[in-house]
Amino acid sequence: MNNKIIKIQKKKNKSKIVSLTAYSKNIAKILDKYCDIVLVGDSMANVLYGLNNTHSISIENIIQHTISVKKGVKNSLLVVDMPKGTYSNSILAKKNAKNIMRLTKCDAVKIESNGRNFNIIKELVKIKIPVMGHIGFTPQFKNNFKIEGDSKKKAIKLLKEAKNVEKSGAFSIVLECISPLSSKLITKNLNIPTIGIGSSSHCDGQILVTDDMLGISGFYPKFVKKYAFLDRIIEKAVKKYTREVKSKKFPTIKNFLNG
Ligand code: KIV
């Protein structure tokens, strides 16, 4: 097993696991100083490509961005989302996961659960590809963005799904938009770490989409805390640049290569 994965698994019940998404080298380089896990999420479909959902991002897009991210990541575990449709059967999943691993040199892939595809995790783990699971609101399979597992019965159903993901060999699992009741139950009953997004502090770790927490994506569900307002900072800089170009304050002689 990859040493970085072992280190992350050892954090369960000891210290929280910190994760964020990245789609390019410069951001990844900053995240790498602080994050246990950097995820190249298929959220790039919304965040970078302005699409309404994650469904049509291609494996080529994901690979291209991961090659860039990899240039900035030395210490964090680099996990890559397998896009919708790239793991719908085990032959396809193995072919695509092998390509992602070979071309990007990432550490692991993440696949979303549809409540039935546990054998895909098993098949990938069998060929030594580490897999992170993902349950709850799984954007590749669901359209309704809502809290899941908010009754005892639903919590038990989600726990069963999480247990199946663990039994299939996943090294960790993302819990997206899962009620505190369910995330507590699942985190307590699994041996692998749970990484929450919109799923309360009961999880072993947290993940957010970096562009959301930096205040630049324009999409801020209640579970996102904005740690910066980059949109305002960028606008201020662009405004100043515009002013200076128009007033011929920029460029000056100092901005010539030989100046
Ligand atoms: O695509 C993504 O960014 C994700 C996270 C939200 C977990 O899957």
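Student: How far is an oxygen atom of the ligand from an N or O atom in the side chain of Asp-42?
Tutor: They're 3.0 Å apart, where a polar contact means a pair of N or O atoms within 3.5 Å. Keep in mind that this is a predicted model, where local features need pLDDT of at least 70 and side-chain atom pairs need 80 or more, while totals for chains, interfaces and linings use all residues. Numbering starts from 1 along each chain as its sequence is written, and side-chain values use heavy atoms, without hydrogens or water.

Student: OK, and what about Asp-81 and Lys-110?
Tutor: Asp-81 has a polar side-chain atom 3.0 Å from a ligand oxygen. For Lys-110, an N or O atom of the side chain is 2.9 Å from an oxygen of the ligand.

Student: How much of the ligand does the protein bury?
Tutor: On its own the ligand exposes 260 Å², and the protein buries 95% of that (Shrake-Rupley areas, 1.4 Å probe).

Student: Which residues are around it?
Tutor: Among them are Thr-21, Leu-39, Ser-43, His-134 and Val-209, each with a heavy atom within 4 Å of the ligand. The shell splits into five nonpolar, four polar and three charged residues, with Gly counted as polar and Asp, Glu, Lys and Arg as charged.

Student: New topic: how is the chain divided?
Tutor: Into domain 1, residues 3-228, and domain 2, residues 230-259; those bounds come from an automatic or database assignment. Their C-alpha centres are 39 Å apart.

Student: Which residues does the cis peptide bond join?
Tutor: Phe-250 and Pro-251, with omega about -5°. Most peptide bonds are trans.

Student: And what's the phi of Lys-128?
Tutor: Near 70°, a positive value in a residue that isn't glycine. Most residues other than glycine have a negative phi.

Key: A polar contact is a pair of N or O atoms within 3.5 Å; within protein, one must be able to donate a hydrogen and the other to accept it, and residues adjacent in sequence count only if both atoms are side-chain atoms.
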